[in-house]
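Me: Hey, can you help me look through a structure? I'd like to go over the ligands and then the backbone.

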Amino acid sequence: MSLTGHQVVPGPGGLCQKGWTSAELLRTPGRLTTPLINQETATWDEALQHIADKIKGYEPDQVAVFGGGGLTNEKAYLLGKFARVALKTSQIDYNGRFCMSSAAAAGNRAFGLDRGMPFPLEDLQNADTVLLAGSNPAETMPPFLQHVKNANLIVVDPRRTATAEMATLHLQPAPGTDLALALGLLHTAFIDNRIDKSYIAERTKGFDAAWRVAAAWWPERVERVTGVSVADQRAAVELLKGNAYILSGRGTEQHASGTDTVSAWINLALALGLPGRKGSGYGCLTGQGNGQGGREHGQKADQLPGYRKIDDPKAREHIKRVWGVDDLPGPGRSAYELLDALGDDIKVLLVFGSNPVVSAPRAAHITEKIKSLDLLVVADFVLSETAALADVVLPVTQWAEENGTMTNLEGRILLRRKALDAPEGVRSDLELLNGLATKLGQPAERFPTTPEEVFAELRRASEGGAADYSGVTYERLKTEKLYWPVPSEDHPGTPRMFEDGFAHEDGLARFVPVDHKGPAEPPDDEFPLQATTGRVLQHYQSGAQTRRVPELNKAVPEVFVEVHPDTAARNGLAHGELTNVVSRRGTMTARVRCVASMRPDAVFLPFHFPGDGRANLLTNPALDPTSRMPEFKVCAVRLEQA
Ligand SMILES: Nc1nc2c(c(=O)[nH]1)N[C@H]1C(S)=C(S)[C@@H](COP(=O)(O)OP(=O)(O)OC[C@H]3O[C@@H](n4cnc5c(=O)[nH]c(N)nc54)[C@H](O)[C@@H]3O)O[C@H]1N2
Ligand SMILES: Nc1nc2c(c(=O)[nH]1)N[C@H]1C(S)=C(S)[C@@H](COP(=O)(O)OP(=O)(O)OC[C@H]3O[C@@H](n4cnc5c(=O)[nH]c(N)nc54)[C@H](O)[C@@H]3O)O[C@H]1N2
Ligand SMILES: [Mo]
């Protein structure tokens, strides 16, 4: 079987994750079936006219679009085109920036191209060892586990998660210290003569500079900084032999130094000779249903369809030709920077497939920014916390009600076929974009309304790009397993990348010399603990959908904070009590869960809950300089009695 990574996107009628069926989600109370203007019922024509009339009063760059990695390839493509052609704005980005952008940046600089997992999931079934850095698939991707059940698992996570419970070896570093740990493992591998010298010589560049940094990270120093014992460092290197894989998740990536941290793990993988070989490798586990396709087709501020760079003159010419336009705006701001400019440089925002009131860092500030807009438009199928603030809400169809393609964590393109009719009154995102574009003066045929027509255009737009889908057709997807690039209809697709060379011009992978800096906000007397955030099995993302499903909500009805019992006691707190968790950005309230395996210096919060239970009231929006990823995974806090 193959994963979509998106636990609530089932195949037609299928069961996707224990207890989650499409039927349950379709029974979702509060399904929107009519447009709203100022939260009052309106017709589609009134709503679209209202938006178009308003938009016409602004400069293009005062209007912004925020997309989502859950959108199908067709929607992501048409949304990017809509922004750049109909709105003529450079201001478009999406929630994938908050997701795996650091891994993408590190993959691109090491290998010349990032495809999440550059090999099929099934390859993992022959692995001797799989190191999971900052990933908890037992809760976030249960079907993944079947592929690694025969391997030795090394889990790197500050918490003893359900995944760590299954591991041969659990390394429990302080949040935000992975980079030092990866340097330490490279150090030990080198000293113990476990690096692959001929691979390094033949397939890579830059080892010496990377080693010069790692040389200073001797095991005792790594133990002091990370808390991982010298013996455990040794044991990890010992296990990383034979068919080994290193895979990263959000725990490693969502940091102000996330790109460098992923580079440190990739450096280790390269030193051991793993990437670009059958039976071993490095990969990033992307999370959302369309975590890859979402970015490959142009929702990201710096990218055009085909995973092209927007500042590449050749790419611009190609896309201008396909779209029949003379100009292409962009690059624009990254997701957090875009949200932070609302009310100032940006006056109008259109949201498709995200709920930033809950999911953006420094959420109270971002919520104020959203409220200061002249016009907020949200397309959704439920009234999310963000939609509840919107001037115009547009009710759209959801997965089971429409056709479309998604590109999963292995870069495999999947066709999802319509299984149910949509309720009366809703339109698809594609129809919505067509309606709005025509009201903005665009010719209707520029914005096709059927997924297959949009896909046909996407194929042409992606042709010759890194993520070339030009050989993919809906017909082929019905019977074939296709991994991008697929440059022609008779091309079989590319399940494994890099076996004949990496994507840099010289075919060599790059070591990147990176050093440990630690969290952007270290703990101090006032805020002595480090809060980290993540997911639980029962809830999905900002929770806009799953919180409405009683069956899912029963198990984890409210937000909790995992605390070591001694830390709780030191703060006068007992298991089950409410506590205020306070950071420099704000305060949120959560129920104390005493967990003996927690590090005493760290607490954990799930980010799925709204209102005062938002973990993102606390988080630090410090951005990674390369990926512009915020530091979701560590900030300094204290606990107070509520
Ligand atoms: N049930 C469920 N499944 C989901 C989702 C969901 O919301 N709910 N979301 C989907 C999406 S979009 C994504 S991106 C994936 C995410 O999937 P994961 O990456 O597995 O999810 P997280 O829980 O965010 O983070 C993983 C782990 O990182 C750890 N961590 C925190 N700080 C650090 C650190 O500094 N270093 C290291 N090494 N680890 C750290 C946390 O303790 C956590 O256990 O899940 C997808 N699947
Ligand atoms: N503190 C903290 N914050 C985090 C994270 C973390 O680990 N910690 N993780 C980050 C990550 S990895 C991610 S991916 C984000 C996720 O957080 P968000 O970006 O908020 O994503 P979702 O919660 O999935 O919100 C999607 C919204 O779009 C709607 N929707 C779904 N499909 C469609 C569609 O096809 N069309 C339209 N128009 N709407 C649709 C849904 O109903 C829902 O309201 O959160 C990020 N925020
Ligand atoms: Mo994500």
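Predicted model: local features only at pLDDT ≥ 70, side-chain atom pairs only at ≥ 80, totals over all residues.

Me: Okay, ligand 1 to start. How many residues surround ligand 1, and which are the closest?

Reply: There are 32 residues around ligand 1, and the closest are D157, G176, D178, R535 and H539.

Me: What kinds of residues are in that shell, by class?

Reply: Polar residues number 18 in the shell around ligand 1, and there are seven nonpolar and seven charged ones.

Me: Which helices and strands each supply at least two residues of the shell around ligand 1?

Reply: Those are α5 (137-140), α12 (250-253) and β22 (529-534). The largest share comes from α12, with three residues.

Me: And why does ligand 1 lie between domain 2 and domain 3?

Reply: Ligand 1 lies between them because domain 2 (101-285) and domain 3 (529-641) both give residues to its shell.

Me: Let's get down to atoms. Where does a nitrogen atom of ligand 1 meet the backbone?

Reply: One place is T140, where a polar backbone atom is 2.8 Å from a nitrogen atom of ligand 1. Another is E139, with a backbone N or O atom 3.2 Å from a ligand 1 nitrogen.

Me: What about an oxygen atom of ligand 1 and the side chain of D157?

Reply: There, an N or O atom in the D157 side chain is 2.7 Å from an oxygen atom of ligand 1. As for cover, ligand 1 taken alone exposes 910 Å², and the protein buries 99% of that.

Me: Which cavity is the space taken by ligand 1?

Reply: That space is the second largest cavity.

Me: Then where does ligand 2 sit?

Reply: Ligand 2 sits in the largest cavity. Its surroundings come to 29 residues, with N95, S354, S359, D380 and S542 the closest.

Me: Which domains each give at least three residues to the shell around ligand 2?

Reply: That would be domain 1 (32-98 + 289-461) and domain 3 (529-641). By class, the shell around ligand 2 has 14 polar residues, 10 nonpolar and five charged.

Me: Can you walk me through some atom pairs for ligand 2?

Reply: A backbone N or O atom of N355 lies 2.8 Å from an oxygen atom of ligand 2. On its own ligand 2 has 930 Å² of accessible area, and the protein covers 96% of that.

Me: Switching to the backbone now. Is the peptide bond from G330 to P331 cis or trans?

Reply: The G330 to P331 bond is cis, with omega near 5°. You'll find P331 in the loop between α15 (313-323) and α16 (335-340).

Me: And the peptide bond from W484 to P485, cis or trans?

Reply: That bond is cis too, with omega near -5°. P485 is in the loop between β20 (482-483) and β21 (509-510).

Me: Why point those out?

Reply: Because most peptide bonds are trans.

Me: Last one: is phi of Q39 positive or negative?

Reply: Phi of Q39 is positive, near 65°, and Q39 is not a glycine. Most residues other than glycine have a negative phi. Q39 itself lies in the loop between β3 (36-37) and β4 (40-41).

Notes. Residues numbered from 1 in each chain as written. Chains lettered and ligands numbered in written order. Heavy atoms only, no water. Near = heavy atom within 4 Å. Polar contact = N/O pair within 3.5 Å; in protein donor to acceptor, adjacent residues only side chain to side chain. Areas by Shrake-Rupley, 256 points an atom, 1.4 Å probe, with all protein chains shown as cover. 1 Å grid on protein atoms, 1.4 Å probe; cavity = no way out; pocket = protein on both sides within 12 Å on 5 of 7 lines; lining within 4 Å. Sits in = over half its atoms within 2 Å of the grid points. Helix = DSSP H or I, 4+ residues; strand = E, 2+ residues; numbered from the N terminus. Nonpolar A, V, L, I, M, F, W, Y, C, P; charged D, E, K, R; others polar. Domains from an automatic or database assignment.
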